[in-house]
Amino acid sequence: MSSQRPDLTHIDHWVFDLDHTLYPSDAAIMVQIDKRMTQYVMKLLDLPHDKAREVQKTYWHDYGTTLNGLMENHSVDMHDFLDFVHDVDASVIDPDPLLAERIAALPGRRLVYTNGSVGHAENILGRLGLAHLFEDIFDVAASGFTPKPQRAGFDRFAERFNLPVKQSVMFEDSVRNLKTAHEMGFTTVLIQAKDGEHNHDSVPPGVHPDHVHYAVECLRTFLGDIETAETKEPKA
């Protein structure tokens, strides 16, 4: 990136992923979800821990989410799965009033698009102090259980909100999710894991895939540095 402020003056639709995007990657939320997914697979398929975890990760890799793999290969109650795996302790993350202030200052519509559930998103956003800042939450159920990065889910999201993708930006911790967003015409911002950590399909700090317009380590800092339609200074 150049030394100039990132120019997002064309953006009037702001789309945020939830996990590892609106809170730091070192917060122990996804660790809890991951363990509960393994427990669910153990119970559903009557498998020992190690075999259940192998199935869980194989389904995530092959189908985009563990749930989609279970749906394709077994009989599973999707809503029961989502309720179980998202029964987590959100107190491990702290409220973020500065992030709230910077999201509130963004001009236009603000949306959350997550592969999780609405209930999980509401739990996390409430803990962060961000719940009042978003017009709506689009979850995996709203996508017809077609998770990111599948294009069909993105298309349902864009159609639901009549999204002008050329005037939209997507914030994500997932490089493969941003690839689909980029192909559709979104401006893309990758929220990278902290030093020494790696998200499920992120990249190390300093790596900048071609389909990522901005790769940043701190969402809060980035939002404080950008130029928007409201902050742009008129030409003399």
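## Packing of α7 and α8

Helix α7 passes helix α8 in a right-handed crossing, where right-handed means that the near helix is turned clockwise from the far one by less than a right angle, and left-handed that it is turned anticlockwise. The model is a predicted one, in which local features need pLDDT of at least 70 and side-chain atom pairs count only at pLDDT 80 or more, while totals for chains, interfaces and linings use all residues. Residues are numbered from 1 along each chain as its sequence is written, and side-chain values use heavy atoms, with hydrogens and water left out.

The two helices, α7 (residues 151–160) and α8 (residues 175–184), pack at an angle of about 55° with their axes 10 Å apart; helices (H or I, at least four residues) and strands (E, at least two) are DSSP runs numbered from the N terminus, and axes are lines fitted to C-alpha atoms, for helices over the stretch in contact, with angles running from 0 to 180 degrees between N-to-C directions. The pair α7 and α8 is therefore oblique, given that angles under 35 degrees count as roughly parallel, over 145 as roughly antiparallel, 65 to 115 as roughly perpendicular and the rest as oblique. On the α7 side the contact (heavy atoms within 4.5 Å) is made by Arg-151, Phe-154, Asp-155 and Ala-158, and on the α8 side by Asn-177, Thr-180, Ala-181 and Met-184. These contact residues divide into four nonpolar, two polar and two charged, where Ala, Val, Leu, Ile, Met, Phe, Trp, Tyr, Cys and Pro count as nonpolar, Asp, Glu, Lys and Arg as charged, and the others, Gly among them, as polar.

## Packing of α3 and α4

Helix α3 (residues 66–73) packs with helix α4 (residues 78–85) at an angle of about 150°, and their axes are 11 Å apart. That angle makes α3 roughly antiparallel to α4, and α3 passes α4 in a right-handed crossing.

In this contact Thr-66, Leu-67, Leu-70 and Met-71 of α3 meet Met-78, Phe-81 and Leu-82 of α4. The residues involved divide into six nonpolar, one polar and no charged.

## The parallel sheet

Six strands form an open sheet in the order β3-β2-β1-β4-β5-β6, with parallel pairing, and two strands count as paired if DSSP finds at least two bridges between them. The edges are taken by β3 (136–138) and β6 (214–216), each of which has a single partner strand, so one side of each is left without a neighbour in the sheet. From one strand to the next, the twist averages 20°.

Strand β1 (residues 13–16) has His-13 and Val-15 pointing one way and Trp-14 and Phe-16 the other way, and all are buried, a label for under 20% relative accessible area, with exposed meaning over 50% and partly exposed in between (1.4 Å probe, protein chains only). In a regular strand the side chains alternate between the two faces of the sheet. Four bridges join β1 to the parallel strand β2 (residues 109–113), where Arg-110 is the bridge partner of Trp-14. Four bridges also join β1 to β4 (residues 168–172), again in parallel, and in β4 the bridge partner of Val-15 is Met-170.

## Surroundings of Leu-219

Leu-219 lies in helix α9 (residues 219–225) and, at 5% relative accessibility, counts as buried. Leaving aside residues up to four places away in sequence, Leu-219 touches Phe-16, Thr-21, Leu-22, Leu-99, Phe-171 and Ile-191. Leu-219 and Tyr-23 are 196 residues apart in sequence, yet 8.6 Å apart in space, C-alpha to C-alpha.

Most residues other than glycine have a negative phi, and most peptide bonds are trans. Against that background, the peptide bond from Lys-148 to Pro-149 is cis, with omega near 15°, and Pro-149 is found in the loop between β3 and α7.

The loop between β3 and α7 also holds Phe-145, which has a positive phi of about 55° although it is not a glycine; Phe-145 is buried, with a relative accessible area of 10%. Asp-46, in the loop between α1 (30–45) and α2 (49–63), likewise has a positive phi of about 55° without being a glycine, but Asp-46 counts as exposed at 68% relative accessibility.
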